[in-house]
Amino acid sequence: MRPASLTIDLNHLVENYHLLQQQAGKAAIMAVVKANAYGHGLLPIAQALYQCGCRSFAVTDATEGIQLRQTTALDASIILFSGIDNIDDAKVCVQHQLSPVCVHSTQLAMLQKADFKGSVWLKVDTGMNRLGAEGLALLISEVEQAKFQLAGIMSHLACADTPEHPLNLQQIKRFKQIQQDTLAPAYSLLNSAGLIAFPSNIPTDIVRPGLALYGIEPITDQPLGLKPIAELGSQIIQIRNIKQGESVSYNGTWVAPYDMRIAIVAMGYADGLPRLLSNQGHAWHPLGALPIVGRVCMDYCMLAVEDANIKQGDKVVFFGSQDNQPRANQVAAQCQTIAYELFTHLSERLHRTYIGEA
Ligand SMILES: Cc1ncc(COP(=O)(O)O)c(C=O)c1O
């Protein structure tokens with residue numbers, strides 16, 4: 001088995017959950033576990049959260065909903081953020097007791113056709129200009145006529161991780177107006193960043209953190225004390241001696257300035273290590289940070305090694321939770337992206353190991 005691995009600390013996950021629950025006050029948490037729990041592994045993450053009291057989970061679609069329901073008791077709500085796209089999805093909602101988020105009448109009609117009797121969320125757009133119901137009052141009445149349960153009304157902030165952005169207050173104002181104009185059992189607006197930036201601004205019954213559960217601070221200058229749960233690591237599988245002037249990896253983009261040693265590590269872009277780290281990223285070894293030299297390959301990357309004590313078989317880490325290790329959001333920033341993308345690009349083939357009590 002290749003040593004490329006993702007190690008996930010479930011204790012950290014549970015600590016993050018409790019911290020977020022504290023921050024949420026009386027509001028319940030809908031844990032966002034879509035896209036394979038942001039790459040961390042849907043089932044172990046959802047099971048750990050269920051064990052510490054979470055009873056509401058958001059996934060993307062019916063396919064993820066089926067996977068989750070197969071190992072989750074029926075007292076947990078499973079919400080499909082992307083709703084349903086066809087009658088088969090509607091049937092899956094009936095069969096597995098899933099709650100779709102709906103934005104138009106066609107979805108409600110498909111659910112009726114499938115003889116759905118469960119609950120639906122309605123999503124309104126308050127300024128993000130992504131999915132959102134047009135004619136909310138009509139949709140609410142259609143939900144009532146169809147005798148579905150209305151679980152609640154949700155909207156999504158576009159700029160919560162930039163709290164000073166004026167769109168936040170506009171969205172909050174519009175959402176509050178919707179709360180006044182409608183009668184729903186629950187209202188939900190806040191994602192991780194919203195929960196940290198605007199916890200008391202909005203009377204909200206359910207909050208929807210994703211990123212924060214996985215231990216990334218959504219607003220860097222307002223840290224909550226979250227602990228990263230994932231460590232991306234591998235092993236040095238060979239040490240090579242190269243001569244001054246020799247190039248390393250595809251296209252010869254890096255040339256050895258003197259006779260030196262390089263370490264070949266089993267971690268490449270097919271594992272989820274961004275190719276943009278070529279010639280600019282680092283791997284962390286207990287003896288220090290080792291620069292990635294040359295292009296990151298599909299299955300390998302190469303590191304410059306100065307310390308004679310570094311040897312074949314040693315472990316290196318690309319991001320993690322220990323004090324001296326970089327955070328996933330820092331690595332993402334180096335690649336002009338965000339931790340969400342870095343996490344969701346972590347490959348299926350990475351060996352995922354779960355540690356901790358949960
Ligand atoms: C509708 C909705 N709510 C909540 C979330 C969770 O967001 P975050 O991971 O920033 O907490 C997402 C994530 O994309 C989302 O699409």
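Tutor: The model discussed here is a predicted one.

Student: Which elements give two or more residues to the lining of the largest pocket?

Tutor: Of the 39 lining residues, those nearest the centre of the pocket are Tyr 38, His 156, Asn 191, Ile 338 and Tyr 340. By class, the lining divides into 22 nonpolar, 10 polar and seven charged residues. The elements that contribute two or more residues to this lining are helix H2 (34-38), helix H9 (192-197), helix H10 (328-334) and helix H11 (339-344).

Student: How many charged residues belong to the shell around the ligand?

Tutor: The ligand is surrounded by 14 residues, and Lys 34, Tyr 38, Ser 192, Leu 211 and Tyr 340 are the closest of them. Sorted by class, this shell has six nonpolar residues and four polar ones, and the number of charged residues is four.

Student: How much of the accessible area of the ligand does the protein cover?

Tutor: An oxygen atom of the ligand lies 2.8 Å from a side-chain N or O atom of Lys 34, and a ligand oxygen is likewise found 3.2 Å from a side-chain N or O atom of Asn 191. The backbone takes part as well, with a polar backbone atom of Gly 210 at 2.8 Å from an oxygen atom of the ligand. Of the 400 Å² of accessible area that the ligand has on its own, the protein covers 93%.

Student: How much space lies in the largest cavity?

Tutor: The structure holds one cavity of 30 Å³ or more, and residues including Lys 123, Asp 125, Arg 130 and His 156 line it. Its lining has three nonpolar, three polar and three charged residues. The space within this largest cavity is about 50 Å³.

How values were computed:
Residues are numbered from 1 along each chain as its sequence is written. This is a predicted model: local features need pLDDT of at least 70, side-chain atom pairs count only at pLDDT 80 or more; totals for chains, interfaces and linings use all residues. Side-chain values use heavy atoms; hydrogens and water are left out. A residue is near a molecule or strand if one of its heavy atoms lies within 4 Å of it. A polar contact is a pair of N or O atoms within 3.5 Å; within protein, one must be able to donate a hydrogen and the other to accept it, and residues adjacent in sequence count only if both atoms are side-chain atoms. Accessible areas come from the Shrake-Rupley method with a 1.4 Å probe; for residues, only the protein chains shown count as cover. Ala, Val, Leu, Ile, Met, Phe, Trp, Tyr, Cys and Pro count as nonpolar, Asp, Glu, Lys and Arg as charged, and the others, Gly among them, as polar. On a 1 Å grid over the protein atoms alone, a cavity is a set of points where a 1.4 Å probe fits but cannot get out, and a pocket is an open set with protein on both sides within 12 Å along at least five of seven lines; lining residues have an atom within 4 Å of a point. Helices (H or I, at least four residues) and strands (E, at least two) are DSSP runs, numbered from the N terminus. Grid points are joined across faces, edges and corners, and a volume is the space filled by probe spheres set on the points.
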